[in-house]
Amino acid sequence: MKDTGYETLVSFDAVTVAYNGSPVVDDVSFEVGKGEWFGVLGPNGAGKSTLLRTAVGGTITGGGISIAGSGMHAVQGKSRAHLVAYVPQRPVFPIGMSVFDYALLGRTPHMGPLATESRSDVTIVWEVLASLGLTSFAERDVASLSGGETQRVSMARVLAQRAPVLVLDEATAALDIASQHEVLELIDSIRIENGIAVVSAMHDLTAAAQFCDRVALIDQGRLRGVGSPKEVLREDLLREVFEPTVRVIDIEGSQVIVSMRDKERR
Amino acid sequence: MFYKLTLLVAALALLAAACGGSNDATDPPPPTLSTSSSTTSAPAPTSTTLAVTTTTVDSGFPVTIDAPNGRVTIAERPMRIVSISPTSTEVLFAIGAGDQVVAVDSLSNYPADAPVSDLSAFSPSVEAIAAYDPDLVVLSFDPDAGLIPALEAVGVPAILHSGPSTVDGAYAQWEQLGVATGNTAGALAVVAATAEAIDAAYATIPPEAEGMSYYWELDPTLFSLTSATFVGDVLAGTRMANIADDADTDGYGYPQLTAEYVIGANPDLIMLADTLCCGQTAATVAERPGWDTMTAVDTGQIIELNDDAASRWGPRIALLADDIVGAILELVSANA
Amino acid sequence: MNAARPASTRLRWWWVVGAAGLLVGSVIVSLMVGSFSIPIGGVLGSVVDRLPFVSVDAGLDDRAEAILWQVRMPRIVLGVIVGATLSAAGAAYQGVFRNPLADPYLLGAGAGAGLGATLAIAYGPDSAGWLIDPLPLAAFVGAIVGVVLAYVLGYSVRSGRTAVTLILAGVGVAAFLTATQTFLQQRNSETLREVYGWILGSLATGSWADVRLVVPYVVISLVVVFAGRRLMDVLAVGDVEASSLGVQPRRVRLVLVAFATLGTAAVVAVSGLIGFVGIIVPHTVRILTGASYRIIVPLSILVGGAFLVIADVIARTVQSPYEVPIGVVTAFIGAPFFAIVLRTSKGVGS
């Protein structure tokens with residue numbers, strides 16, 4: 001593994017996903033270390049979601065993913081769920097389901113075939129809710145919560161699952177600046193406390209620069225660059241992949257990526 | 001020359017008159033009865049709603065009758081009759097019009113020598129019927145009320161004789177068919193013979209039988225009929241009570257009963273009119289849960305009727321009455 | 001640390017007791033009702049007499065006993081079984097398709113059974129001529145064939161083996177089978193009355209033989225659906241997320257649909273297509289107690305049995321001695337009851 005000091009946990013090897021012959025994800029390879037935050041960046045429709053879904057059982061046409069050394073094609077259902085937790089872009093919050101039961105879903109991989117909860121499962125859920133300050137929410141209906149609250153509830157389920165890898169698809173879409181920051185800080189603290197590797201698709205390049213240890217830039221299914229944010233989020237590359245108006249500014253050592261309108265039009 | 005021609009014409013005219021008037025003389029009269037074989041009598045007074053206004057009664061045609069479907073005029077003695085009503089088939093053959101019938105529907109299974117075709121009684125087709133080039137069509141069922149107008153449009157007279165609600169109504173139908181086919185005397189004879197047979201049978205019922213009850217089963221889902229129906233009228237002479245009468249709250253005549261109701265009513269006689277269609281017998285009835293506690297089942301007072309004979313309104317109702325009287329007599333002697 | 005789930009998410013014991021009480025009560029009321037009047041004391045006495053080690057002289061004659069135990073009781077027991085099975089199957093379908101409007105006939109089980117029954121009535125031999133009555137067998141097979149066809153059609157869609165695809169396939173199959181049935185009925189119009197009578201559903205011909213016939217299938221069906229209730233909760237978050245939690249949504253769906261359909265086919269075979277029960281009961285339980293199938297499934301079984309027995313009482317008494325077809329009653333009491341519950345609740349989405 002490269003000089004990041006992290007032990008390799010997840011490896012995407014030449015992953016390809018093609019529908020009817022045309023590839024949506026084309027030969028993408030990268031590695032994610034234990035406890036590392038790895039961002040998957042790129043324009044809309046670049047194939048980020050499809051790529052991430054291959055880690056949780058989505059269609060994969062070529063290549064493979066291995067976690068902790070085991071090829072994922074050999075790992076089915078429950079065993080994979082022990083290793084990877086997943087939160088999609090728009091998670092389903094079923095009407096009438098309590099926060100407690102929603103978090104308890106995270107224990108499913110650890111339960112028997114009929115998903116019967118044990119005392120330890122219940123105890124773990126209470127612990128997780130407490131760590132996220134959600135104890136008083138336990139009996140609330142998940143469908144009645146606000147955006148920020150549901151993000152925390154999603155994290156509760158993830159924590160209850162106790163998987164070493166967390167795959168997140170756009171954790172902060174549709175949140176305002178403050179909530180966005182709050183959620184990302186929460187994920188970061190969870191990552192650090194529990195040693196979880198986070199692989200997340202992000203649309204916000206600036207946030208990615210601040211929170212990710214390493215990133216991959218995907219364009220039209222192909223890998224355009226992988227490395228630290230400083231190495232990948234360069235103006236020339238970004239202008240190629242996104243659009244010519246992209247500017248990268250340095251603030252206190254961190255990159256801020258903005259899109260500036262032509263001076264004449266401002 | 002001219003004189004010989006006149007003689008020839010006169011002879012021919014006499015011959016024609018003699019032949020025309022001998023119709024009823026050639027009809028075989030019913031063997032056992034001396035009937036009013038007068039060929040000039042008006043229809044017997046048992047006719048109810050079917051009036052017959054005729055220009056001539058039996059000696060010739062054309063004839064106009066007031067059928068239930070309206071006035072029907074029959075120009076000549078029909079020789080190509082198509083019957084798509086099993087009952088009418090039976091009647092036609094009984095009154096002596098058998099050799100005038102060219103085709104009957106697929107369900108007309110009596111008498112055995114009736115010319116059965118694949119015409120359907122339930123969904124009749126004008127074209128299929130017209131293919132037989134009929135000069136009279138008798139039916140009991142016109143599902144969309146379209147068949148009769150269609151037949152009239154192609155000039156074929158049609159008579160609609162659907163199920164009557166009384167025995168007299170049935171007699172009137174038979175007589176009307178007699179007039180329509182030129183077999184009036186035969187028809188009157190059959191009516192009289194049937195009525196007499198039924199009366200004679202009922203006359204043998206002893207007074208102890210009065211007040212007994214019966215249950216008439218139309219199908220295994222316990223559809224029954226009340227005394228206000230045709231069959232009920234046929235059985236009226238037995239003076240038995242029909243257990244379905246109390247269940248027929250809307251007076252429809254054909255209520256569906258429940259097992260509980262029948263068992264509770266405990267009829268003295270059970271009559272099965274679903275032996276052919278649905279395989280019901282005294283044995284299958286006895287196997288029904290709870291039915292073995294009924295006295296009729298216990299003592300075997302279950303009559304298995306022939307579905308057809310029990311659901312038609314032809315001359316075989318005399319046989320029906322006979323069967324039932326037989327069962328009543330058995331019951332009375334068993335109870336004695 | 002707390003080892004018990006929050007109180008409001010538990011299956012409260014008094015709900016179970018209440019539902020069971022409702023069931024027992026409706027059975028007792030149903031025993032007392034009928035066109036043949038049996039004194040209440042006689043009914044209770046006869047029931048008590050059947051208990052082991054107890055002997056009571058109920059004072060009923062043979063006929064009354066026969067009516068009570070050969071006519072009424074099997075019909076009531078059948079009502080409980082049919083109601084419970086249809087409700088459990090309805091809950092299973094609702095859970096597996098994440099749709100509170102799903103019912104056991106969704107994938108064509110009802111249409112298939114109707115077609116099978118029509119074929120048996122129109123072309124089958126007399127029931128007395130065979131060792132086994134062809135009508136229930138044809139209906140049972142028809143129901144299963146309907147669902148199998150829906151699955152075959154749904155799975156033939158390459159890119160979408162989703163719940164929605166399956167539902168659409170079921171709708172298509174049901175439409176086709178119903179059209180075939182209608183065509184056959186028109187060609188054999190003398191069978192119309194019998195077929196419609198069967199379709200409207202009836203417990204009137206229920207006998208102990210029918211009960212014995214369905215019990216094995218019903219027991220298997222109820223056991224599997226009951227066991228799978230927690231998996232239905234997992235499926236609630238959608239196929240993709242459920243899959244990420246280690247559950248195989250298509251396999252769970254297939255198993256639950258298969259066993260729910262097995263039970264549905266069996267009860268439909270002996271009692272016809274009684275509608276509304278499979279939608280109304282689980283959905284009403286959901287509105288009253290919450291959305292978890294841990295709670296909905298067991299309560300639906302009890303309440304479903306009670307509901308159908310009550311509907312049967314109404315069917316038998318409202319126009320005595322004529323019996324209203326039970327499918328009509330379930331619709332008539334189900335719809336307004338549901339409307340009332342819906343209006344007084346917090347409201348439910350899909």
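In which order do the four strands of the open sheet in chain B stand, and is their pairing parallel or antiparallel? In this predicted model, the order is β5-β4-β6-β7 and the pairing is parallel.

**Figure 1. The open parallel sheet of chain B and its edges.** The four strands of this sheet follow the order β5-β4-β6-β7 in chain B. Strands β5 and β7 (158–160) of chain B stand at the edges with a single partner strand each, so that one side of each has no neighbour in the sheet. Between neighbouring strands of the sheet the average turn is 15°, with direction ignored.

**Figure 2. Helix α3 of chain B against the sheet.** Helix α3 (residues 86–94) of chain B packs on the sheet, where it touches β4 (81–84), β5 and β6 of chain B. The direction of this helix makes about 140° with that of β4(B).

**Figure 3. The pairing of β6 and β7 in chain B.** Strand β6 (residues 136–139) of chain B pairs with β7(B) in the parallel sense, and three bridges join the two. Within this part of the sheet, B:Leu139 stands opposite B:Leu160, a residue of β7(B).

**Figure 4. A cis peptide bond in a loop of chain B.** The peptide bond leading from B:Tyr110 to B:Pro111 is cis, and its omega is near -5°. B:Pro111 is placed in the loop that lies between β5 (101–104) and α4 (126–130) of chain B. As background to this view and to those of the backbone angles below, most peptide bonds are trans, and most residues other than glycine have a negative phi.

**Figure 5. Strand β1 of chain A with its two partners.** Strand β1 (residues 8–19) of chain A runs antiparallel to strand β2 (residues 22–33) of chain A, to which eight bridges join it.

**Figure 6. Two residues of chain C with positive phi.** C:Phe53, although not a glycine, has a positive phi of about 70°, and its place is in the loop between α2 (40–50) and α3 (62–96) of chain C. C:Phe53 counts as exposed because 4 other C-beta atoms lie within 10 Å. C:Arg98, also a residue other than glycine, has a positive phi near 50° and lies in the loop between α3 and α4 (109–123) of chain C. C:Arg98 counts as partly exposed because 18 other C-beta atoms lie within 10 Å.

**Figure 7. The side of chain C that touches chain A.** Contacts link 30 residues of chain C with 30 residues of chain A. On the chain C side, the elements that give two or more residues are α9 (229–235) and α10 (239–244) of chain C. The residues of this side divide into 14 nonpolar, twelve polar and four charged.

Definitions and conventions. Residues numbered from 1 in each chain as written. Chains lettered and ligands numbered in written order. Predicted model: local features only at pLDDT ≥ 70, side-chain atom pairs only at ≥ 80, totals over all residues. Contact = placed C-beta atoms within 7 Å. Nonpolar A, V, L, I, M, F, W, Y, C, P; charged D, E, K, R; others polar. Buried ≥ 20, exposed ≤ 12 C-beta atoms within 10 Å, placed from the backbone. Pairing = 2+ DSSP bridges. Axes fitted to C-alpha atoms, helices over the stretch in contact; angles between N-to-C directions.
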